[in-house]
Amino acid sequence: MKKKILGIALATMTFIALPSVADNTSKAGEAKTDTTCCQMPQKQVQRFNPYEGLNLTESQQAQLKQLDEKRKAERTEKMKQAKEERKAARDKAKSARHDLKAAKKAKLDEIKAILSTEQYVQYLENLVLNSTNKVSASMHGKHVIKGKKMHGKRAGVDGKAMRGKKSSAAPGKPRADRK
């Protein structure tokens with residue numbers, strides 16, 4: 001019964017909507033023009049004018065225009081200063097990274113001078129194999145436990161993925177694995 005009523009309602013809506021979609025003429029009998037997104041007329045954005053309706057004199061208008069130009073110049077100057085400060089901060093960070101890299105290379109050169117060739121190779125292997133990834137999981141938006149990417153899964157108390165399991169804590173109480 002519900003299917004019949006739903007089918008009748010759907011058919012009625014189709015027959016009512018179909019002629020209005022197929023109508024391609026305006027009320028005056030002229031054909032409507034098809035417009036695409038590129039042919040749509042651009043709307044004129046009307047800016048808010050706080051001085052509208054104040055009946056300002058010419059000297060007041062000139063003073064206000066001069067004030068607006070002065071404020072615009074100040075904003076432009078502040079934007080340039082902020083841009084220069086950001087560039088200086090980027091350059092400073094880049095030089096700091098370069099300095100750290102140079103210090104690390106100098107340390108490796110000193111270690112190389114102390115160790116024999118075999119010892120240095122073993123040292124480098126130990127350094128690579130035993131180093132931990134210092135990038136935290138929160139920076140990449142992924143959960144990482146014991147070096148495994150969890151791919152969005154929540155971690156359980158034992159360090160394994162919960163795979164859709166609910167938390168074992170009672171509602172309103174913190175779980176034991178959280179600090």
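Visitor: Among contacts between residues at least 6 apart in sequence, what percentage join residues at least 24 apart in the protein chain?
Guide: This is a predicted model, in which local features need pLDDT of at least 70 and side-chain atom pairs count only at pLDDT 80 or more, while totals for chains, interfaces and linings use all residues. Residues are numbered from 1 along each chain as its sequence is written, and side-chain values use heavy atoms, with hydrogens and water left out. With contact taken as heavy atoms within 4.5 Å, the share of such contacts in the protein chain that join residues at least 24 apart is 0%.

Visitor: Which helix of the protein chain has the highest confidence?
Guide: Confidence is expressed as pLDDT, the predictor's score for each residue from 0 to 100, and its mean over the protein chain is 76, with 60% of the residues reaching 70 or more. The lowest mean, 47, belongs to helix α4 (residues 137-140), whereas the highest, 94, belongs to α2.

Visitor: How is α2 oriented relative to α3?
Guide: Helix α2 (residues 58-114) and helix α3 (residues 117-130) pack with their axes 9 Å apart and at an angle of about 140°, where axes are lines fitted to C-alpha atoms, for helices over the stretch in contact, and angles run from 0 to 180 degrees between N-to-C directions. Because angles under 35 degrees count as roughly parallel, over 145 as roughly antiparallel, 65 to 115 as roughly perpendicular and the rest as oblique, the orientation of α2 to α3 is oblique.

Visitor: Which residues in α3 meet α2?
Guide: From α2, the residues taking part are Lys-107, Leu-108, Ile-111 and Lys-112. Their partners in α3 are Tyr-120, Tyr-123 and Leu-124.

Technical notes. Helices (H or I, at least four residues) and strands (E, at least two) are DSSP runs, numbered from the N terminus.
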